[in-house]
Amino acid sequence: MKKLRMARDGYIVMSIVFYIAGLTYMLLLEISPMTICISSGIALIAYGIIKIIGYCSNDLYCLAFQYDLACGIFLIVLGVIMLCSSTKLIPYGAARLENACERLLAFTSTPSIRTLSTILKNGQDKVATPKKPEVPKT
């Protein structure tokens, strides 16, 4: 019963953490994406551990936590990926990304992620975007 109580309390705490994190991300827009990745990674790892504890608890009918082992392992792996690749996920700032999007849309009507990443890698987002010439009205 001790493990079952610990899993229950862990679910309650993690639910509160997720609510607070969601409200914080919505209300404080100046939080950096790196901070969001790191805090989300830590929360996912903690939630995965709680899921595994719930799976190992003595549930009377073995129904409540039957998928928690797989879900817990998945959450831990996802959290580790978030922590390890947080610098790879967001290597460019928001301003550079916005400039690259403006440059991309200035040249094509069908943008793609590949073209956007090429613009960022080559530093073309730092160059001024040429204005499209206006077509005279007839």
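**View 1. The largest nonpolar core of this predicted model has eight residues.** This is a predicted model, so read the close-ups with that in mind. The members of the core are Ala 7, Tyr 11, Met 14, Ala 43, Leu 44, Tyr 47, Ile 50 and Leu 75. Helices H1 and H2 each put in at least two residues, and H2 gives the largest share, with four.

**View 2. Here we zoom in on Leu 44, one of the residues of that largest core.** Skip the neighbours within four places in sequence, and Leu 44 is still in contact with Leu 75, Ile 76, Leu 78, Gly 79 and Met 82. Apart from the core of View 1 sits another one, made of five residues, including Ala 100, Leu 104, Leu 116 and Ile 119.

**View 3. Helix H3 runs from residue 68 to 84.**

**View 4. H3 has a buried side and an exposed one.** Asp 68, Gly 72, Leu 75 and Gly 79 of H3 are buried. Those four cover an arc of only 65° around the axis, which means that they sit on the same side of H3. Look at the other side of H3 and you find Ala 70, Phe 74 and Cys 84, which are exposed. As for packing partners, the buried residues of H3 pack against helix H1 (2-27) and helix H2 (33-56).

**View 5. Lys 51 and Asp 68 form one of the two salt bridges that a search of the whole structure finds.** Their side chains meet at 3.4 Å, N to O. Lys 51 belongs to helix H2 and Asp 68 to helix H3, so this pair ties together parts that are 17 residues apart in sequence. Are these two residues buried or exposed? Both Lys 51 and Asp 68 are buried.

**View 6. Asp 125 and Arg 96 also meet in a salt bridge.** For this pair the N to O distance is 2.7 Å. The bridge links distant parts of the chain, 29 residues apart: Asp 125 is in the segment after helix H6 (113-122), while Arg 96 is in helix H5 (residues 94-107). What about accessibility? Asp 125 has a relative accessible area of 5%, so it is buried. Arg 96 comes in at 23% relative accessibility and therefore counts as partly exposed, given that buried means under 20%.

Note on methods. Residues numbered from 1 in each chain as written. Predicted model: local features only at pLDDT ≥ 70, side-chain atom pairs only at ≥ 80, totals over all residues. Heavy atoms only, no water. Expected span 1.5 Å × (residues − 1). Buried < 20%, exposed > 50% of the residue type's maximum accessible area, 1.4 Å probe, protein only. Arc of directions from axis to C-beta. Contact = heavy atoms within 4.5 Å. Core = buried A, V, L, I, M, F, W, Y, C linked by side-chain atoms within 4.5 Å. Salt bridge = Lys/Arg side-chain N within 4 Å of Asp/Glu carboxyl O.
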